[in-house]
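Here are my notes from a pass through the model. Have the viewer open while you read.

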Amino acid sequence: MKATILCTDKNHPIIPLLKKWIKENSVKHDIDLIHDKSQISTGDILFLISCQELISANERMQYQSALLIHASDLPLGRGWSPHVWEIMSGSNELTVTLLKAEDKIDTGEIYKKLKIKIEPHELWDIINDKLFKAEIQLMNYAIESFSDLKGVKQDIQIKPTFFPKRTPRDSKIDPQKTIADQFNKIRVMDPIRYPAFFELNGFKYKITVKKLHE
């Protein structure tokens, strides 16, 4: 099987796991990792993983299947960075969905969903680890079930919800509120890519949180 993974952020924390997955599957499959849609070629499966580019129908048609993985219980939570928004709102469980890529964002047929539990003490790195492992499970499912992969249309009885694209300002913490009140927001912030911060007395301060194990 020939597959392509498009992840538009070369520095995304899932990249090492994707490279490991490619190496583990290199004996049976020909898998490329690319970072720009201009590098799209042809093949059996196009995986869109943390892809920030819109992939046209013509580009998707270069492959038998164009699949994406989205961390929400679709049709709820379409849009951007769903797991971050959900944890910030207090969710203790995430749904990771394998679906067909379509012109309209996150509207395609659903092939499989996985549930992952998020503990209230877990920080961004552990959350990412759980999320990324679920994504790998879904990629394995897509490869193994490729010959009879069948999707189910999203439930039209459920009104879709949408998450906006995050900006650096969404990582801002209010110094007048307690840590406890804002912990879900602080703990899900990637300290390298979009660190939590606050502004006070005319200065901006970065917040770094590390769990101390006893």
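The points below cover one arginine, the cysteines, the salt bridges and a surface patch.

1. Ground rules. This is a predicted model, where local features need pLDDT of at least 70, side-chain atom pairs count only at pLDDT 80 or more, and totals for chains, interfaces and linings use all residues. Residues are numbered from 1 along each chain as its sequence is written, and side-chain values use heavy atoms, with hydrogens and water left out.

2. Arg 187. Have a look at Arg 187 in helix α5 (residues 179–187); helices are DSSP runs of H or I with at least four residues, strands are runs of E with at least two, and both are numbered from the N terminus. Arg 187 counts as buried because its relative accessibility is 4% (buried is under 20% relative accessible area, exposed over 50%, partly exposed in between, with a 1.4 Å probe and protein chains only). Leaving aside residues up to four places away in sequence, its contacts include Ile 87, Trp 124 and Ile 127 (contact means heavy atoms within 4.5 Å).

3. The Arg 187 side chain gets to the backbone oxygen of Glu 122 at 2.6 Å, and a 2.9 Å polar contact ties it to the side chain of Asn 184. A polar contact here is a pair of N or O atoms within 3.5 Å; within protein, one must be able to donate a hydrogen and the other to accept it, and residues adjacent in sequence count only if both atoms are side-chain atoms.

4. Cysteines. How many disulfides are there? The count is zero, a disulfide being a pair of cysteine sulfur atoms within 2.5 Å. The sulfur of Cys 51 is 8.0 Å from its closest cysteine sulfur, in Cys 7, so the gap is too far for a bond. Cys 7 is buried at 0%, and Cys 51 is buried at 17%.

5. Salt bridges. The count is 14, using a side-chain nitrogen of Lys or Arg within 4 Å of a carboxyl oxygen of Asp or Glu. One of them pairs Arg 193 with Asp 9 at 3.2 Å, N to O. That pair links distant parts of the chain, 184 residues apart: Arg 193 sits in the loop between α5 and β9, Asp 9 in the loop between β1 and α1. Glu 102 and Lys 100 also meet, at 3.9 Å, and bridges with shared partners join Arg 60, Lys 100, Glu 102 and Asp 103 into one network.
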